[in-house]
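Reader: I would like to learn how to read a structure like the one below. Please take it one feature at a time.

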Amino acid sequence: MLQEFKTFIAKGNVLDLAVGVVIGAAFGKITTSLVEDIINPILGLLIGGVDFTQLKVVLKEAVGDTPEVAVKYGNFIQVLIQFVIIAWVIFLIVKLANRLRLTETPKE
């Protein structure tokens with residue numbers, strides 16, 4: 001069983017997947033920083049100094065030690081922007097990879 005496990009781990013697909021997960025996590029951090037630190041402040045400035053993360057609808061005010069109940073739609077907007085950026089970049093990468101694959105000359 002141990003030998004089978006070693007063979008399974010050594011297969012290219014598993015290693016490719018592991019590399020993809022690690023790179024994806026790093027890319028997610030880069031995208032989060034891009035959206036939070038660069039894009040959202042610019043968009044907020046353009047629409048009148050609004051900080052997206054602070055946008056919310058308070059359903060019930062805080063009373064004493066009880067925190068407020070609020071719908072924080074600003075954070076949702078921020079995550080939505082991140083998703084669109086990630087999807088666009090992945091689209092561009094796939095498009096580039098397909099173009100490179102088509103221009104390769106088959107070896108005879």
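Reader: Among contacts in the protein chain between residues at least 6 apart in sequence, what share join residues at least 24 apart?

Author: This is a predicted model. Of the contacts between residues at least 6 apart in sequence, 35% link residues at least 24 apart.

Reader: Which helices and strands does the protein chain hold, and in what pattern?

Author: The chain has 3 helices and 2 strands. Along the sequence they follow the pattern α-α-β-β-α.

Reader: Is the protein chain spread out or a compact globule?

Author: One way to judge is to set the radius of gyration against a rule for globules. For 108 residues the globule rule gives 13 Å, and the chain has 22 Å, well over that, so it is more spread out than a compact globule. The C-alpha trace spans about 70 × 45 × 20 Å along its principal axes.

Reader: What percentage of the residues count as buried?

Author: Buried means under 20% relative accessible area. Here 9% of the 108 residues count as buried.

Reader: How many aromatic pairs are there, and which rings form them?

Author: There is 1 aromatic pair. The ring centres of Trp88 and Phe91 are 5.5 Å apart and their planes meet at 35 degrees, so the pair is tilted; planes under 30 degrees apart would count as stacked. Both residues belong to helix α3 (residues 73–103), where being 3 residues apart separates them by about one helical turn.

Reader: Is Trp88 buried or exposed?

Author: Trp88 counts as exposed, at 52% relative accessibility, because the cut-off for exposed is over 50%. Phe91, with 42%, is partly exposed.

Definitions and conventions. Residues numbered from 1 in each chain as written. Predicted model: local features only at pLDDT ≥ 70, side-chain atom pairs only at ≥ 80, totals over all residues. Heavy atoms only, no water. Phe/Tyr/Trp six-rings, centres within 6.5 Å; stacked < 30°, edge-to-face > 60°. Helix = DSSP H or I, 4+ residues; strand = E, 2+ residues; numbered from the N terminus. Buried < 20%, exposed > 50% of the residue type's maximum accessible area, 1.4 Å probe, protein only. Rg over C-alpha atoms; globule rule 2.2 N^0.38 Å. Contact = heavy atoms within 4.5 Å.
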